[in-house]
Amino acid sequence: MRIDLHTHSTASDGTDTPAELVRNAAAAGLDVVALTDHDGVGGHAEAIAALPAGLTLVTGAELSCRLPGPDGFSVHMLAYLFDPLEPELARERDLVRDDRVPRARAMVTKLNELGVPVTWERVAQIAGEGAVGRPHVATAMVELGVVPSVSDAFTSEWLAGDGRAFVEKHELDPFDAIRLVKAAGGVTVLAHPFALKRGHCVSESAIAELASAGLDGIEVDHMDHDAPTRARLRGLAADLSLLTTGSSDYHGSRKTCSLGEFTTDPEIYGEITRRATGAFPVPGAGG
């Protein structure tokens, strides 16, 4: 089985619609794909309706979190197979999503002050119906020739966490995220924890604290982790009895990674589905 547990559609900051994503996943030879748009579940219904025979969909989301403390920074929590109607988790997701528009507007203002003629109208047009975020601002910068690629906008010069145009947003405490997802019957996996090029690396002690709070796993095989980093994470996961996943973090044409570039072991996938009680994987019926 080929299993990719981290992808994004136009319901957040990907370039494939949910229907296109599942069709492309099947064409890429995947057996299982998780749709994990940022802080929302708006793409699930379309993905399920278009799900090809032979492909199973895992419903999920990538939750925006911030480690607590004066030196805290943003981390992403993958949540799988939770009940999307559970009210407390739904309320927190809405708070994060509602903060995205004023935050993106503020980043546009900062860029304008730095001499970059990005407009809010263009950023909103790029985002469409999706949850607007930094990749949409970065895409507008690429169009203007300010940076050569979206990833090049995520630096201290521009949109990284310490960047000149960065603006903070409402984010969940990751310990609260674990509690809320668990209460909604879901499973939690810390996304790309050692992706240093994103600006910060989650400390081993912080991962240990999250594991004590009920974290189920960590994303190990990811484009932002080199081979030594993956080996280090596997050792840490073994020490903490955490599951290890592999995923593409696919965003369509917005990133260079391809569907199925990294995958999850079928036994790990089986354990994730065994632990989940809020929702179940959806088998394709040839939609």
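Met223 counts as partly exposed at 26% relative accessibility, where partly exposed is the range between buried (under 20% relative accessible area) and exposed (over 50%), computed with a 1.4 Å probe on protein chains only. The model is predicted, so local features need pLDDT of at least 70 and side-chain atom pairs count only at pLDDT 80 or more, while totals for chains, interfaces and linings use all residues. Residues are numbered from 1 along each chain as its sequence is written, and side-chain values use heavy atoms, with hydrogens and water left out.

**Met223 and its surroundings**

Met223 is found in the loop between S6 and H9; helices (H or I, at least four residues) and strands (E, at least two) are DSSP runs numbered from the N terminus. Leaving aside neighbours within four places in sequence, Met223 is in contact (heavy atoms within 4.5 Å) with Ser248, Thr256, Cys257, Glu261 and Phe262. Although Met223 and Ala238 are 15 residues apart in sequence, their C-alpha atoms are 21 Å apart in space.

**The nonpolar cores**

A nonpolar core is a set of buried Ala, Val, Leu, Ile, Met, Phe, Trp, Tyr and Cys residues joined through side-chain atoms within 4.5 Å. The largest such core has 30 residues, of which Leu63, Leu190, Val202, Ile207, Leu215 and Ile218 touch the most other members. Two or more residues of this core come from each of strand S3 (56-66), strand S4 (74-80), helix H7 (174-183), helix H8 (204-212), strand S6 (217-221) and helix H9 (227-240). Apart from it lies another core, of 22 residues, among them Ala104, Leu111, Ala138 and Trp158. Beyond its neighbours within four places in sequence, Ile218 is in contact with Val189, Leu190, Pro193, Ile207, Leu233, Ala237, Leu242, Leu243, Thr244 and Thr245.

**Two residues with positive phi**

Most residues other than glycine have a negative phi. Ser241, which is not a glycine, has a positive phi of about 55 degrees, and its place is in the loop between H9 and strand S7 (243-246). Asp249, also a residue other than glycine, has a positive phi near 55 degrees, and Asp249 is found in the loop between S7 and helix H10 (266-275).

**How H3 meets H7**

The axes of helix H3 (residues 87-98) and H7 come within 8 Å and cross at roughly 135 degrees; axes here are lines fitted to C-alpha atoms, for helices over the stretch in contact, and angles run from 0 to 180 degrees between N-to-C directions. On the H3 side Glu88, Leu89 and Glu92 take part, and they meet Arg179, Leu180 and Val181 in H7. By class, this contact has 3 nonpolar, no polar and 3 charged residues, where Ala, Val, Leu, Ile, Met, Phe, Trp, Tyr, Cys and Pro count as nonpolar, Asp, Glu, Lys and Arg as charged, and the others, Gly among them, as polar.

**Further loop positions**

Asp99 is found in the loop between H3 and helix H4 (100-113), and it is partly exposed, with a relative accessible area of 24%. Leaving aside neighbours within four places in sequence, Asp99 is in contact with Glu168, Lys169 and His170. The loop between helix H6 (134-143) and H7 holds Gly145, and Pro148 has its place in the loop between H6 and H7 as well. Gly145 is exposed, with a relative accessible area of 56%, and Pro148 counts as exposed at 70% relative accessibility. The table sets out C-alpha separations for these loop residues.

| Residue pair | Apart in sequence | C-alpha to C-alpha |
|---|---|---|
| Asp99 and Glu168 | 69 residues | 9.5 Å |
| Gly145 and Val116 | 29 residues | 10.0 Å |
| Pro148 and Gly161 | 13 residues | 19 Å |

**An annotated span**

An unreviewed UniProt entry places the feature "domain: Polymerase/histidinol phosphatase N-terminal" at residues 3-67; UniProt positions are given in the numbering used here, feature names are shortened, and annotations may be inferred rather than shown by experiment. In the model, the end C-alpha atoms of residues 3-67 lie 29 Å apart, and the span is 25% helix and 31% strand.
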